[in-house]
Amino acid sequence: MTEYGFSFVSVIVFLSLAALFVFAVLLLGRFLRPSRSSQEKRSVYECGERPIGDAWFNFNPRFYIIALIFVIFDVEISFTFPVAKVFSSWIKQGHAGLAYAELATFIVILLLGFIYVWKKGDLDWLKKFDHDVN
Amino acid sequence: MWYLANYLEKNYAVSINGQESAWLIYLIVAIASALVMLGFASLFAGLASFVERRIAGRIMARVGPNRVGPQGLFQFVADGLKLIMKEDLIPNGADRFLFKIAPYFVFAGMLGTFVVLPFGANIVAANMDVGIFYIISITALVVVGIILGGWASNSKWSMFGGLRSAAQIVSYEIPLALSILVVVLLSGSLSTQGIISAQGGLPWDWFIFHSPFAFIAFFIYFVSALAEGNRTPFDLPEAESELVAGYCTEYSGFRFVVFFFAEWANLWIMSAIAVICFLGGWRVPFISVEESTSSWGIILLGLAIFMVKTLALVVVVIQLRWTLPRLRLDQMMNLCWKYLVPGSFVCILGTMTWMVLIDWNSMIGLVLRVVVFAGAFMLLAYYIYRIRFNYMIDRDNYKKMTGKDMWYPPYRLP
């Protein structure tokens, strides 16, 4: 088996051990813990009052915008990682200018997108309206 | 543990019923290393919770746990046993399936990181060649678990906590990945051992002191890692005073333990990554990478150096938790998107320029690294001086008000 293969066998083993550990302790606890559930115990906590309605309601779309910006940036960054890895070896081979230009172009394009998002106001958590000028 | 598996295969591989058993040896080594790492993670998480509570007690001028075992050392065992025997409640309106699997995601995301976290030369579960990239991706499993837990509980507090947590962790992942990109640029390697091997044992050979840009990148990493691990001042998802307990409001018993287990084990993970990427890892001064595996003494010395650096960072994180107030949600998002992300872009471009202009191995590169190190050292000295300055004022006031000395010997636990 290669070292490459071994490392991914380890990942699978670690992840399954994590799941197994949680499952085993919960199973063990099943024989130890009491199970005297009642309607009151099973109601959700809402400051001691009877809960009103579900919690599955519409929430603020700014969470969605942040998630969207994150996805775009994260994909771009994961594309940058392989280029960053070979950057120093390219400098050693004497292609410093080319490597620098390539990586800098990529990052500047990313930065332009970032500036666009900023100017558009999508990074402001508290949205400002025309009528509430502070 | 690849070397161990390789060694065992060469010497002890036997065929069972005509079948080659080599794969069995690899599997057994992988399982053994997974068990060791699980043991380490649980022990560390438990002891960290104890140390955290004692430090909190000391900072708040109270005692902290001191009853179970010597100085309350076994408090975490008692807590764990108690919580295993707690009744396991699932709220009425909850999505039962998602509610139950959420802790699995959190725990798998935490333990999965330990595959590539090295402890010393050759002491690593698997030296994966995409190590640091793998760490960034596998920690995303924790977010999935937190969102699932918060959403599936069908409680308003959990919902708010889960959403906030998602927004926070997702946002801070950008500056975190960008500051690690600086390290990847410098080392030219993605594997954790490769990054450490590219550094040196002496402080000015660490990546943190490579240039002012790398120095800033370290702090950007550290702040983002605090936010990723839901540590104060970024513990908004579970802010007790405003959100009850955030995403784990409805969790009880061992399912609740899993979330906090992962949080405390995460303390080790974030500090260890900081040490790997910026603070030289297990490198011993004056010993080259080739020699660092030559004898057990040197390997163990490297292990000790790594442990000391990581635990020092862990204590810093714990102290930060009990000294800083919590940020407001909009402040936190502003800090991430308007300061850390542009800052880390500048760090990347700056480091690239620095690398093109100045060779790491040249004399001028070494001199500049020493200069950056000296500057950082002076900053640290000034910080300690200010702490002492404030302490003196407090001490004099205390003496004036109560007529007693404020001095409390640090060796005596409260």
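Across the interface of chain B and chain A, the rule finds one salt bridge, a term that denotes a side-chain nitrogen of Lys or Arg within 4 Å of a carboxyl oxygen of Asp or Glu. The model is predicted: local features need pLDDT of at least 70, side-chain atom pairs count only at pLDDT 80 or more, and totals for chains, interfaces and linings use all residues. Residues are numbered from 1 along each chain as its sequence is written, chains are lettered from A and ligands numbered from 1 in the order in which they are written, and side-chain values use heavy atoms, with hydrogens and water left out.

R33(A) lies in the loop between helix 1 (3-32) and helix 2 (62-92) of chain A, and D88(B) in the loop between helix 3 (75-84) and helix 4 of chain B, so the pair joins two chains. Helices (H or I, at least four residues) and strands (E, at least two) are DSSP runs, numbered from the N terminus. Both R33(A) and D88(B) are buried, where buried means under 20% relative accessible area, exposed over 50%, and partly exposed in between (1.4 Å probe, protein chains only).

D88(B) also meets R255(B) in a salt bridge. That pair links distant parts of the chain, with R255(B) in helix 11 of chain B and the two residues 167 apart. Both D88(B) and R255(B) are buried. A further salt bridge joins D330(B) and R328(B), and D330(B) counts as buried at 12% relative accessibility. Salt bridges that share partners join E52(B), R231(B), E263(B) and R321(B) into one network.

| Salt bridge | N to O distance |
|---|---|
| D88(B) and R255(B) | 2.9 Å |
| D330(B) and R328(B) | 2.9 Å |

The contact (heavy atoms within 4.5 Å) takes 90 residues from chain B and 71 residues from chain A. The area buried between the chains is about 7,400 Å², of which carbon and sulfur atoms give 78%; buried area is the accessible area (1.4 Å probe) that two parts lose on being put together, summed over both. K156(B), W337(B) and F345(B) supply 10% of the area that chain B buries against chain A, more than any other three residues.

Chain B has 14 helices and two strands. Its radius of gyration, taken over C-alpha atoms, is 23 Å, close to the 22 Å that the globule rule (2.2 Å times the number of residues to the power 0.38) gives for 414 residues, so chain B is as compact as a globular protein of that length. The C-alpha trace of chain B spans about 65 × 60 × 45 Å along its principal axes. Buried residues make up 55% of the 414 residues in chain B.

Most residues other than glycine have a negative phi. N154(B), however, has a positive phi of about 60°; N154(B) sits in the loop between helix 6 and helix 7 and is buried, with a relative accessible area of 6%. F286(B) has a positive phi of about 65° and is placed in the loop between helix 11 and helix 12 (296-323). At 74% relative accessibility, F286(B) counts as exposed.
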